[in-house]
Amino acid sequence: MRKDQPPKKGAARFFEIVFRDYGHLFRLNFLFLLCCLPMLVVVLFGVLFRQYLGMLLIAAVLFLLCAMLVGIGMTCLHGLTVKTVRDEPCFLWHEFKKCWKANWKQSIRAGMLFCTLLAMECIAAWYYLFTAAESNILLIVFVSFSVLMLVICWLFTTLQMLFLDMPLTGMLRNSLLIMFGYAKRTLPAGLITIVVTLCLLLFVPLPFLPLVLMLGLPALLAVVCDMWAWPVMEQAFHISEQQAARRAEREGQ
């Protein structure tokens with residue numbers, strides 16, 4: 001690409017990143033899936049033994065423990081894909097460990113919170129779909145909007161952990177304000193995540209689902225979300241300016 005050529009946007013920018021960094025994203029995706037694997041096992045355990053109350057209680061406790069790992073994995077996933085979106089150099093294993101060490105405390109709490117809320121939404125939706133005698137459009141809309149809010153809040157809470165030093169409650173409040181204040185960019189990011197997830201569950205045969213995930217879909221989806229979300233972070237918090245000021249301060253010392 002010529003130096004005077006304007007930066008690409010939209011789909012062209014996405015495919016530029018994929019063709020350039022697919023190997024990096026593939027390995028990052030593998031690390032993220034390793035973080036999610038224990039939760040998948042627990043969910044399957046809960047589904048298989050759902051008729052036994054004791055087994056369900058065990059599954060619930062294990063789910064909370066696994067949610068900690070998922071929260072950290074999600075933070076590291078977005079931490080490295082944001083660097084890719086910003087065209088910053090990224091040494092996978094070094095950056096992954098660095099992001100893990102710097103954000104694990106906040107990520108554990110966020111992971112437990114959001115995974116629990118998301119599980120409650122999914123259980124309520126499943127229970128309603130299989131037990132309700134007739135459809136209730138308002139209830140379906142409410143559940144759908146609640147899941148969308150959770151996805152967007154989790155995305156922006158994760159991004160704030162990477163760049164801002166504040167309590168989790170402040171990040172959650174900021175995420176809600178961002179979601180409604182920058183709806184033109186935040187809603188598409190959340191909708192893309194939900195639509196792709198539903199398409200996977202509804203249209204991809206179960207034997208092929210692990211293959212699709214292992215080929216890098218979560219990391220590619222994170223790239224799409226971060227492409228939508230990063231301009232909002234810049235506009236709301238001026239991240240690049242803060243980083244430049246910190247670098248100048250370190251060099252001055």
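Q: What is the relative accessible area of Leu 65?
A: Leu 65 has a relative accessible area of 49% and is therefore partly exposed, a class that lies between buried (under 20% relative accessible area) and exposed (over 50%), with a 1.4 Å probe and protein chains only. This is a predicted model, in which local features need pLDDT of at least 70 and side-chain atom pairs count only at pLDDT 80 or more, while totals for chains, interfaces and linings use all residues. Residues are numbered from 1 along each chain as its sequence is written, and side-chain values use heavy atoms, with hydrogens and water left out.

Q: Which helix is Leu 65 found in?
A: Leu 65 belongs to helix α2, where a helix is a DSSP run of H or I with at least four residues, numbered from the N terminus.

Q: And which residues make the nonpolar surface patch?
A: Leu 65 is one of the residues there, along with Leu 48, Phe 49, Tyr 52, Met 55, Ile 58, Val 61 and Leu 62, and together they make a nonpolar surface patch of about 730 Å². Membership calls for over 30% relative accessible area and no salt bridge, with nonpolar side chains (Val, Leu, Ile, Met, Phe, Trp, Tyr) joined within 5 Å, and the areas come from the Shrake-Rupley method with a 1.4 Å probe.

Q: Where does the largest share of the nonpolar patch come from?
A: Helix α2 gives that largest share, with five residues.

Q: How far apart are the end C-alpha atoms of helix α2?
A: The end C-alpha atoms of α2 (residues 53–85) are 46 Å apart, which agrees with the 48 Å that its 33 residues should span at 1.5 Å a residue; the expected value is 1.5 Å times one less than the number of residues.

Q: OK, what follows α2?
A: The helix is followed by Asp 87, whose phi is positive, near 60 degrees, although Asp 87 is not a glycine. Most residues other than glycine have a negative phi. Asp 87 is found in the loop between α2 and α3, and at 43% relative accessibility it counts as partly exposed.

Q: Which other residue than glycine has a positive phi near 55 degrees?
A: His 238 has that value, and it lies in the loop between α8 (217–237) and α9. His 238 is partly exposed because its relative accessibility is 40%.

Q: Back to Asp 87, which side chain does it meet in a salt bridge?
A: Asp 87 pairs with Arg 20 at 2.8 Å, N to O, a salt bridge being a side-chain nitrogen of Lys or Arg within 4 Å of a carboxyl oxygen of Asp or Glu. The pair links distant parts of the chain, since Arg 20 sits in helix α1 and Asp 87 in the loop between α2 and α3 (92–131), 67 residues apart. Arg 20 is partly exposed, with a relative accessible area of 42%.

Q: Which residues are linked with that pair in a network of salt bridges?
A: The network links Arg 13, Glu 16, Arg 20, Asp 21 and Asp 87. Within it, the side chains of Arg 13 and Glu 16 meet in a salt bridge at 2.8 Å, N to O.

Q: How many salt bridges does the count come to?
A: The count comes to six. Among them is a bridge between Glu 88 and Lys 83, whose closest N and O atoms are 3.3 Å apart, and Glu 88 counts as partly exposed at 26% relative accessibility.

Q: New topic: where is the place of Gly 23?
A: Gly 23 is placed in helix α1 (residues 10–48) and, at 34% relative accessibility, counts as partly exposed.

Q: Last one, which helix does Arg 109 lie in?
A: Arg 109 lies in helix α3 and is partly exposed, with a relative accessible area of 47%. The C-alpha atoms of Arg 109 and Leu 92 are separated by 24 Å, and these residues are 17 residues apart along the chain.

Conventions:
Helix = DSSP H or I, 4+ residues; strand = E, 2+ residues; numbered from the N terminus. Patch = residues over 30% accessible without salt bridge, like charges linked within 9 Å, V, L, I, M, F, W, Y side chains within 5 Å.
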